[in-house]
Protein chains: 2
Amino acid sequence: MASKEGKEKAQQFTLKTPKGTKDWADRDMVLRSRIFDTISSVFKRHGGVTIDTPVFELREILAGKYGEDSKLIYDLQDQGGELCSLRYDLTVPFARFLAMNPTIQQIKRYHLAKVYRRDQPAMTKGRMREFYQCDFDIAGQYERMIPDSEILCIAVEGLTALGIEDFVIKLNHRKILDGIFAVCGVPLADVRKISSAVDKLDKMPWEDVKNEMTEEKGLPIEAADQIGEYVKMKGGVDLLVKLQQDELLMSNESAATGIKDMEVLFSYIKSFGIQDKLSFDLSLARGLDYYTGIIYECVTSASAPPSDRTNKDKTSKPKDPDQDVSEYVGVGSIAAGGRYDELVGMFSQSKKSSVMPCVGISFGVERLFSIIKAKEDMSRIRPNETDVFVMAFGGGKEWTGFLPERLKISKVLWEAGIGAEFMYKSKPKPRQQFDAADKIGAPLAVILGQEEYAHGMVKVKELGLGENSDEGRDVEIENLTDHISRLLVTIKGRR
Amino acid sequence: MASKEGKEKAQQFTLKTPKGTKDWADRDMVLRSRIFDTISSVFKRHGGVTIDTPVFELREILAGKYGEDSKLIYDLQDQGGELCSLRYDLTVPFARFLAMNPTIQQIKRYHLAKVYRRDQPAMTKGRMREFYQCDFDIAGQYERMIPDSEILCIAVEGLTALGIEDFVIKLNHRKILDGIFAVCGVPLADVRKISSAVDKLDKMPWEDVKNEMTEEKGLPIEAADQIGEYVKMKGGVDLLVKLQQDELLMSNESAATGIKDMEVLFSYIKSFGIQDKLSFDLSLARGLDYYTGIIYECVTSASAPPSDRTNKDKTSKPKDPDQDVSEYVGVGSIAAGGRYDELVGMFSQSKKSSVMPCVGISFGVERLFSIIKAKEDMSRIRPNETDVFVMAFGGGKEWTGFLPERLKISKVLWEAGIGAEFMYKSKPKPRQQFDAADKIGAPLAVILGQEEYAHGMVKVKELGLGENSDEGRDVEIENLTDHISRLLVTIKGRR
């Protein structure tokens, strides 16, 4: 019974989910579950174990980890007790977990869970405020670049397993970027903000980024131009060779380390045979503060905005913050990650346990979903798994409708692990029962007739055969579950 | 690279998860996943389809649904925009979903997800502030008590499938309770608070409940005594017969409807053969406001506090709110639910679509986990699913360590869907590699030797055989994945 307070309030609110969130149901839910299963099985075959962390963390745990994006964190209200925030990603909670469990010196962990960002949503492109990330991370002290190369391998295998073919992994190295900024004369204190300007190169033309560097952030024009020459470079091993011949850059210790890393990485990538999927791209910067080594983003043709970004009329951006901006953006990167060797150390209480190098990948499920759904024949997806519809036929004044008998037969099927439903009606008509079975797509009917049931028999009939339909077959109740189990194997193999 | 702000803050916080929450990892995580799989498969065979709703709802959606427990709701901070709260259960979001989707007139939906309550945690007993619920609900206009009986059937099947044998389902009906309160002279306005006092009968003796009714809530002593006579009654069909003979109670319309419902329900329960698991118990009240028909709770011996509750020294309760109270409480009910016919209507904009009767069940996973873990041999659980450890043996100054070759062979295995790991080391020693394989429990090793590899061969060796270990077998690389797949079927069947 509803309280009075509740009934009065019922008139006052808008019936919706919060902004940037949505319900998942029906065939969408089945398709999304398949994406989870596909990604999990890739993670598992690379030795991953899974963990689960709380959806909110102590607020200080998240502080100072996300640079300019920190303003997008959802805070919980102070209701007395600890101050908490919803997690912004799965990486910082993983680092916190490692710091809390110093006996874990090596782990490959995966985690599929929701994260929260108070960002501008673009729902139809899979840009949400509540969305799933599927993360795989390798933590531990290992020989240079071996885990990094396996992570890139997982990126390729994951996207390929999901049926996505036309992707490219844009790859860069934070130490090379830092070296570029250094040799171009960016003061150390300004590196982070100049880096965050470069990060916008996939969303705005170079001229706008240059303006941001010089006018907003006070960088001399010559320095910006010199950076511009570097960040236009992309390629494969050829770019690596070019950088190795750049004496100015190689004289910078950070850049030289990053370039050596990339050389080693390229050799492993060749062994894995995934070099064609990679594009070494000096314009990739990644916004988050915590990366220290390789950084990368997987993009497809759906990642970019519909119109060529250099021609985009920026004034056409929606002004109403509640309007869906999906017409103006692409889905963005569908998977991304990098190396973060210092994040765990930020949480560690002792110097000794503070070194825990990590490298990881995160798949963006909603974005992948919007790409995969567009290619999928959704009508072929069955939202439920009911195998059998239990019916009763009869008639006349004497007919009871056989409800108790339908309950008994259903229970027998359930106990054998067979999915079964029946109509919640004492005396249903045959037509109603067939329609109900049809609606849920049950492949089999078990039909209880008065005379046959009295002799311990029921009829088993395959459904959905249309013109090829037959009369079904009488089966003894004591053999029913065996018979149906065998039949289901045949039918599922055939359909 | 960590920002300066982050590094400074790193010294200031406590390294922990928020109060009442915890990380799940390792074997616990595997066991919990098994519980999810078991419950989901029961839900699926009863025709369930799954949905997913956001972890937070607009605050007004939750208002007025939870009675006294509303104070336990977590609110999100007002950061501009909508006011939101974390979901308290999965039932109210489901009702909101139905109201938003009026074309859905019938649905059996299941939902496994976390809910949030700012309650006093008792972590070792599975009483958490963040915890999983596994819900199955049947919504739609159906013949009286048929879906209710299937829900009780699901309760029995779910707990049985989880290996829990010694449970009882305490069952009552809100309309009978309302009738009892009416005939005992409780004013209509006081029914909810008297009901919430009765609900505490599983945690405190009758005398305390009576005191709460009379002293705190102002009920006349005679009325309380009369209620006391009723709520002491429990049984099966015998109690039903007794109530049917109670002329005073049968004269009340609400009670008579509830008693008729129970009569119909008992007949279906008998058809399902689950009558032995049920205890018709007039003391069961359930705290939540929204129930309108049957209510029930599944309890086991672990549900009650360790000491007999009538002898409990109440002064021994911990006073520090941060202290774990698990020594003083049982795990409580392990599954519970009821009928709520008016909840969807509270959200509906039009009168017409406002009738959507629902009945459901919710399994409490953390509580089930604490019971199941206590009986489980946790050492037999393997946290990862790696099938093969790829090794290289060799020696001498010339030996390269075969890292590129190990990468190639691993990639071949991964592409065939076989779980594989290798040491992230250029020149690992044989002992190190066997130890690493042993640590993750890999059943097979693929060993690359210099000479064999040159001839397109590798060795495949079963691990973990102890004294029965053999030398392994040389296999051509081109037949490797077929050979391993067949071998794994044999090994997994045997182990």
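This is a predicted model: local features need pLDDT of at least 70, side-chain atom pairs count only at pLDDT 80 or more; totals for chains, interfaces and linings use all residues.

User: Which residue does Glu130(A) form a salt bridge with?
Analyst: The partner is Lys114(A), with the closest N and O atoms 3.5 Å apart. Lys114(A) belongs to strand β4 (residues 107-116) of chain A and Glu130(A) to strand β5 (residues 130-139) of chain A, so the pair ties together parts 16 residues apart in sequence.

User: And Lys114(A), buried or exposed?
Analyst: Lys114(A) counts as buried, with 9% relative accessibility.

User: Which residues are linked with Lys114(A) and Glu130(A) in a network of salt bridges?
Analyst: Arg32(A) and Asp52(B) are linked with them in that network.

User: Nice, that brings in chain B. How many salt bridges are there between chain A and chain B?
Analyst: The count between the two chains is 14. One of these pairs is Lys411(A) with Glu157(B), whose closest N and O atoms are 3.1 Å apart.

User: Which helix gives the largest share of the side of chain A that touches chain B?
Analyst: That would be helix α15 (residues 403-415) of chain A, which contributes six residues. By residue type, the side of chain A that touches chain B divides into 48 nonpolar, 22 polar and 35 charged.

User: What area is buried between chain A and chain B, and how many residues are in contact?
Analyst: The buried area is about 9,400 Å², and carbon and sulfur atoms give 58% of that. On the contact side, 105 residues of chain A meet 105 residues of chain B. There are also 40 residue pairs in polar contact between the chains, counting pairs with both residues at pLDDT 80 or more.

User: Back to salt bridges: how many are there over all chains?
Analyst: Searching the whole structure gives 64.

User: Which residue does Lys492(A) pair with?
Analyst: Lys492(A) forms a salt bridge with Asp387(A), at 3.0 Å between the closest N and O atoms. Lys492(A) sits in helix α18 (residues 480-494) of chain A, while Asp387(A) is in the loop between α14 (365-375) and β12 (388-393) of chain A, so this pair ties together parts 105 residues apart in sequence.

User: Are those two buried or exposed?
Analyst: One of each! Lys492(A) counts as exposed, at 52% relative accessibility, whereas Asp387(A) counts as buried, at 8%.

User: What about chain B: which residue does Asp341(B) meet in a salt bridge?
Analyst: Its partner is Arg339(B), at 2.7 Å from N to O. Asp341(B) counts as partly exposed at 25% relative accessibility, and Arg339(B) as buried at 12%.

User: Changing topic to helices. Which residues of α9 in chain A are buried?
Analyst: For helix α9 (residues 221-231) of chain A, they are Ala223(A), Ala224(A), Ile227(A), Gly228(A), Tyr230(A) and Val231(A). Seen down the axis of α9(A), these buried residues fall within an arc of 160°, so they line one face of the helix.

User: Which residues are exposed on the other side of α9(A)?
Analyst: Glu222(A) and Glu229(A) are exposed there.

User: Last one: what covers the buried residues of α9(A)?
Analyst: The cover includes α6 (174-183), α7 (191-198), α8 (206-216) and α11 (247-250) of chain A.

Terms used. Residues are numbered from 1 along each chain as its sequence is written. Chains are lettered from A and ligands numbered from 1 in the order in which they are written. Side-chain values use heavy atoms; hydrogens and water are left out. Contact means heavy atoms within 4.5 Å. Buried area is the accessible area (1.4 Å probe) that two parts lose on being put together, summed over both. A salt bridge is a side-chain nitrogen of Lys or Arg within 4 Å of a carboxyl oxygen of Asp or Glu. A polar contact is a pair of N or O atoms within 3.5 Å; within protein, one must be able to donate a hydrogen and the other to accept it, and residues adjacent in sequence count only if both atoms are side-chain atoms. Helices (H or I, at least four residues) and strands (E, at least two) are DSSP runs, numbered from the N terminus. Ala, Val, Leu, Ile, Met, Phe, Trp, Tyr, Cys and Pro count as nonpolar, Asp, Glu, Lys and Arg as charged, and the others, Gly among them, as polar. Buried means under 20% relative accessible area, exposed over 50%, partly exposed in between (1.4 Å probe, protein chains only). The arc is that of the directions from the helix axis to the C-beta atoms.
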